[in-house]
Amino acid sequence: MSRSVRRDDPEPDAEAVKERTETAETGDGADTPATTEDRTDKRLLRRGLKNIRDAVRLEPKLFTVAVTGAIVNSATQIGASFAVGYIVTGVVVPSYRQQEFLTGTVVLGILALFALSLIRFTSMATRRIFAGAMMFQVQAHYRRAVTRRYLSLPISWHQKRQTGTLLSNANADVEAATRPLAPLPFAFGTAFMIIASVAVLFSLDWALALVALLLVPALFTLNGVYATRMSPRAKRAQELRAEVSAVAHESFDGALVVKAMGREEQETRRFRDSAQRLRDALIRVGRIRAAFEPVITALPEIASVAVLLVGLYRYQSGNLTLEQLVTATFLFTVIAFPIRAIGWVLGEIPTSVVGRDRVDRVISAKGDMTYGEKHLDAEHAAELRFDHVAYTYPDGTSALDDVSFTIEHGETVALVGATGSGKSTIAHLATRLVDPTRGRVELDGHDTLGLSHASLAESASLVTQIPFVFDDTVRHNITLEREGVTDRDVDEALAAAQADGFIADLAEGVDTELGERGTSLSGGQRQRLTIARALAGRPRLMILDDATSAVDPKVEAAILTGLKDSGQATSVLVVAYRRASISLADKVVFLKDGRVADIGTHTDLLERNGAYADLVTAYEQAEAEREFEEEETKA
Ligand SMILES: Nc1ncnc2c1ncn2[C@@H]1O[C@H](COP(=O)(O)OP(=O)(O)OP(=O)(O)O)[C@@H](O)[C@H]1O
């Protein structure tokens with residue numbers, strides 16, 4: 001669903017995004033088809049200018065101040081050309097002819113030039129400062145929009161994308177999208193200067209004005225050809241930037257595996273190949289730049305020479321005074337360089353369009369979960385019901401079929417099943433990370449689809465096998481700045497998660513900084529910390545998806561017993577592997593190939609279900625072997 005735009009916090013225009021992306025992408029981030037690319041190229045300039053318009057709408061005040069600075073700067077340059085014309089003809093030439101210095105006039109001329117310079121430098125500084133501020137503000141808007149989207153898009157969307165590519169969207173692509181903004185006010189000032197200069201030139205001499213008039217369309221045509229040539233190359237370079245970022249992220253993230261498996265060389269080669277592809281693409285971009293930029297630079301200079309030649313001819317034929325000739329030539333020299341600013345803006349357009357497209361793919365990505373209005377006010381432990389639930393992953397894998405079971409208020413239910421039987425999928429459905437393909441998931445008798453986001457988050461908490469610890473203190477990792485989570489809640493949650501002991505041993509207790517991903521803690525300690533985090537919110541339903549796998553069996557049993565006996569109003573769904581933990585549950589849901597094979601107490605299932613007994617025995621053997629190995633290692 002496209003996000004609407006609020007005027008007080010204008011993010012990139014969703015309508016504009018929609019229009020821009022309708023031909024450039026499929027909404028799920030797929031690559032642009034080749035046929036679309038051709039059409040995209042034709043509309044490049046229009047789309048680039050539209051990007052600029054969107055940016056100006058986001059930061060109109062900063063843009064206005066920067067453009068005002070640029071226009072004042074241009075006006076002073078035109079003023080300076082008149083001052084120079086006057087000084088040359090009113091001071092230099094008479095002094096030369098009369099062999100005497102006209103002191104008063106010289107002082108006046110110098111003062112005029114000094115005042116103009118002062119205004120020029122102030123206005124230039126204003127233009128630069130505000131143009132930069134505008135660009136960085138717009139970048140911040142896009143970055144916020146991208147990260148906001150990341151956080152609101154469903155898990156299924158994230159599973160299809162590499163983290164490195166997403167990082168690239170929020171960094172390199174956002175920067176590429178806003179590149180024309182830095183020279184934009186300068187280009188506006190230049191446009192003003194061109195119009196004013198042509199008018200001045202016409203007032204001086206029509207032939208000189210004609211030379212200036214010829215220069216403008218020539219520059220625009222050249223820039224048009226440049227942009228068309230550059231577009232596909234810039235697009236490729238931007239894609240490869242994302243690829244390098246993705247490979248780098250994966251390599252760094254998996255550094256431990258790479259080292260442990262001795263794959264450093266292969267991983268270095270993979271990164272080098274990717275970096276080389278980017279280098280080649282950037283060289284191709286550089287070649288186009290190198291071919292066009294000198295011509296774009298030379299064109300105004302050639303025109304300056306033409307003005308001088310035409311001017312001299314017109315002066316000799318008596319159609320132009322000396323003062324007019326000096327003024328016109330000086331005017332053309334000062335506008336020749338700034339004309340390039342228009343070229344800078346136009347030159348950045350291909351890259352900016354590509355960057356913006358990539359940003360828009362995220363902003364306009366579809367697949368949002370919509371939440372209902374219903375708020376559950378209950379204080380008691382929740383009841384969870386799966387009613388003929390089926391779930392198929394987007395790639396067509398059927399994970400669950402016709403799954404029905406109920407966790408009554410305050411019950412602890414163990415989910416047992418072989419690997420791939422659908423346990424995690426059930427955990428994700430219970431917390432609405434995904435929605436059923438068929439059937440209903442109900443919390444306290446209400447379809448979870450109709451519940452508000454806040455109500456769902458307050459009622460049910462999921463703890464996954466891989467604990468995520470933020471680079472922050474223990475306390476903040478537990479509270480997550482949630483309203484109503486007090487220091488007492490933190491202490492109680494740590495105790496219930498059997499984490500109070502090792503936290504107390506940390507240098508600064510709950511105020512200890514844990515570092516990136518909590519690497520200063522052991523795997524089991526991190527798991528206990530994330531259980532405490534879930535408990536601190538006093539959920540009415542706790543889902544532990546293999547969340548105690550790295551925890552000592554005795555500690556795991558203590559956590560589960562604590563949850564059952566604490567008097568806290570919590571129902572528990574636990575994905576369990578250890579016999580001791582399974583036997584603590586009030587009942588067991590036994591899954592086989594995505595279906596409920598049996599439901600009953602652990603003892604009943606052991607007696608009546610051979611497959612269940614085999615699985616639990618296999619778990620037990622694996623556990624015994626693990627314990628034996630651990631003791632051997634210790635010895
Ligand atoms: N993101 C995904 N995309 C496609 N198929 C998936 C995805 N995640 C899981 N599956 C498939 O869905 C089925 C159920 O997976 P699930 O993770 O729920 O099983 P599990 O019982 O939790 O397994 P384990 O005990 O190994 O964690 C499996 O066949 C798995 O391959």
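Arginine 538 sits in the loop between helix H19 (523-536) and strand S7 (541-545). Helices (H or I, at least four residues) and strands (E, at least two) are DSSP runs, numbered from the N terminus. This is a predicted model, where local features need pLDDT of at least 70 and side-chain atom pairs count only at pLDDT 80 or more, while totals for chains, interfaces and linings use all residues. Residues are numbered from 1 along each chain as its sequence is written.

- Arginine 538 is partly exposed, with 17 other C-beta atoms within 10 Å.
- A residue is buried if 20 or more other C-beta atoms lie within 10 Å of its own, exposed if 12 or fewer, and partly exposed in between, with C-beta atoms placed from the backbone.
- From C-alpha to C-alpha, arginine 538 and alanine 381 are 10.0 Å apart in space, although 157 residues apart in sequence.
- Leucine 480 belongs to the loop between helix H16 (474-479) and helix H17 (487-496), and its phi is near 50°, a positive value in a residue other than glycine.
- Leucine 480 counts as exposed because 12 other C-beta atoms lie within 10 Å.
- Glutamine 498 is found in the loop between H17 and helix H18 (500-505), with a positive phi near 60° in a residue other than glycine.
- Glutamine 498 has 23 C-beta neighbours inside 10 Å, so it counts as buried.

**The sheet**

- Four strands make an open sheet in the order S2-S1-S4-S5, with antiparallel pairing.
- Two strands pair if DSSP finds at least two bridges between them.
- The edge strands, S2 and strand S5 (446-447), each pair on one side only.
- Strand S1 (residues 384-392) and strand S2 (residues 398-407) run antiparallel and are joined by 6 bridges.
- Valine 389 stands opposite valine 403 in S2, and leucine 384 has isoleucine 407 as its bridge partner in S2.
- S1 and S2 form a hairpin with 5 residues between them, and glycine 396 in the turn has a positive phi of about 100°.
- S1 is also joined to strand S4 (residues 438-443) by 5 bridges, and these two run antiparallel.
- On that side, leucine 384 stands opposite leucine 443 in S4.

**The nonpolar cores**

- In soluble globular proteins, nonpolar side chains tend to be buried together.
- A nonpolar core is a set of buried Ala, Val, Leu, Ile, Met, Phe, Trp, Tyr and Cys residues joined through C-beta atoms within 7 Å.
- The largest nonpolar core here has 72 residues, and Ala66, Met134, Val146 and Ala328 have the most contacts inside it.
- Helix H9 (residues 206-253) gives the largest share of this core, 12 residues.
- Apart from this core lies another one of 67 residues, with Ala427, Ala496, Leu573 and Leu591 among them.
- Leaving out residues up to four places away in sequence, valine 146 touches Asn169, Ala170, Val174, Val359, Val362 and Ile363; two residues are in contact if their C-beta atoms, placed from the backbone, lie within 7 Å.

**Around the ligand**

- There are 13 residues around the ligand, and Tyr393, Ala399, Thr419, Ser424 and Thr425 come nearest.
- A residue is near a molecule or strand if its C-beta atom, placed from the backbone, lies within 6 Å of it.
- Helix H14 (residues 423-430) contributes the largest share of this shell, 3 residues.
- The shell divides into 2 nonpolar, 9 polar and 2 charged residues.
- Ala, Val, Leu, Ile, Met, Phe, Trp, Tyr, Cys and Pro count as nonpolar, Asp, Glu, Lys and Arg as charged, and the others, Gly among them, as polar.
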